[in-house]
Amino acid sequence: MNYYIVIPAHNEEEFISLTLESLVSQTLLPKKVIIVNDNSTDSTAEIVQAFAKDNPFITLVEKKSSAIHLPGSKVIQAFQKGFETLDENYDVIVKLDADLIFPNNYFETITKHFNSDPTIGMVGGFCYIEKNGEWVLENLTDKDHIRGALKAYRKETFKQIGGLRPQMGWDTVDELLCKFYNWKVVTDASLKVKHLKPTGANYNKTARYKQGEAFYTLGYGFWITSIASAKLSFMKKKPLLFFDYIQGFLKAKSEKKPLMVTAEQAKFIRNYRLKKMKEKLF
């Protein structure tokens, strides 16, 4: 299978060489890797260009945007800039962060999953962060969720879900729409990826209400949002975030923000979330 990778990058000079080194060392190499240099003020571009000299499948794309790092919108706009430069000769499209180190067999294993079942739409491993000298699971989500840092989509799936939405919640709505269209989402616990920066480390303070807004635009409704907010704030070990999430939800509701999904999809998502909650309770 041919797989293409797009990596949005903003001031990633500290880690991007480690990410690219792990990609050029894969047992199954990518056909194309696009790094979108999104308004960096450091040596990100020079590092990428050095790799591109020895690895012709690596390409640098420049993008100018705001330096404010709001979750979702900035990174997906950069991803889209890179995606637009690609041709259609791929079987799998991959969105990666620029601060990851992959095991050498990562993408060989990913493609084996896709080849094993034509109804598999998304595949991913798990992110690990360093704590006290040890690499431990970055435990922010359920084990059946693929982190936004390392998303791999079958071409047909990517097109059917309408690509990636440039707003917070993009890496949840993609999987929910996979379920809506009867695609399988596969996570492989054997694929342990080193995540060199904790999730959300660079988010601006204005982003704190965005999670609640995302819950609203996903069509969750108030009660599912309340449960999801409580769970997420507990997993992040910051209980006061619960109130930020609820405030963000209510603000989005009062402003009648447009949903990321249709009414039919929103109904499916609520029923799916309720079903998953009941399964955990009983």
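Modeller: A residue is called buried here if its relative accessible area is under 20%. The model is a predicted one, and the part to look at is strand 1, residues 3-9. Seven of the seven residues of strand 1 are buried, so the strand is largely enclosed by the rest of the structure.

Start with the side chains. Y3, I5, I7 and A9 point one way from strand 1, while Y4, V6 and P8 point the other way. Residues in both of these groups are buried.

Next come the neighbours in the sheet pairing. Strand 1 runs parallel to strand 2, residues 32-38, and six bridges join the two. Strand 1 also pairs in the parallel sense with strand 4, residues 92-96, over four bridges. Y4 has a place in each pairing: its bridge partner in strand 2 is K32, and in strand 4 Y4 stands opposite I93.

Now set the strand in its chain. The secondary structure of the protein chain comes to 10 helices and nine strands. The radius of gyration of the chain is 18 Å, close to the 19 Å that the globule rule gives for 282 residues, so the chain is as compact as a globular protein of that length. Buried residues make up 50% of the 282 residues. Among the contacts in the chain with a separation of 6 or more, 78% are between residues 24 or more positions apart. Along its principal axes the C-alpha trace spans about 55 × 40 × 40 Å.

Methods:
Residues are numbered from 1 along each chain as its sequence is written. This is a predicted model: local features need pLDDT of at least 70, side-chain atom pairs count only at pLDDT 80 or more; totals for chains, interfaces and linings use all residues. Side-chain values use heavy atoms; hydrogens and water are left out. The radius of gyration is taken over C-alpha atoms; the globule rule is 2.2 Å times the number of residues to the power 0.38. Buried means under 20% relative accessible area, exposed over 50%, partly exposed in between (1.4 Å probe, protein chains only). Contact means heavy atoms within 4.5 Å. Two strands pair if DSSP finds at least two bridges between them.
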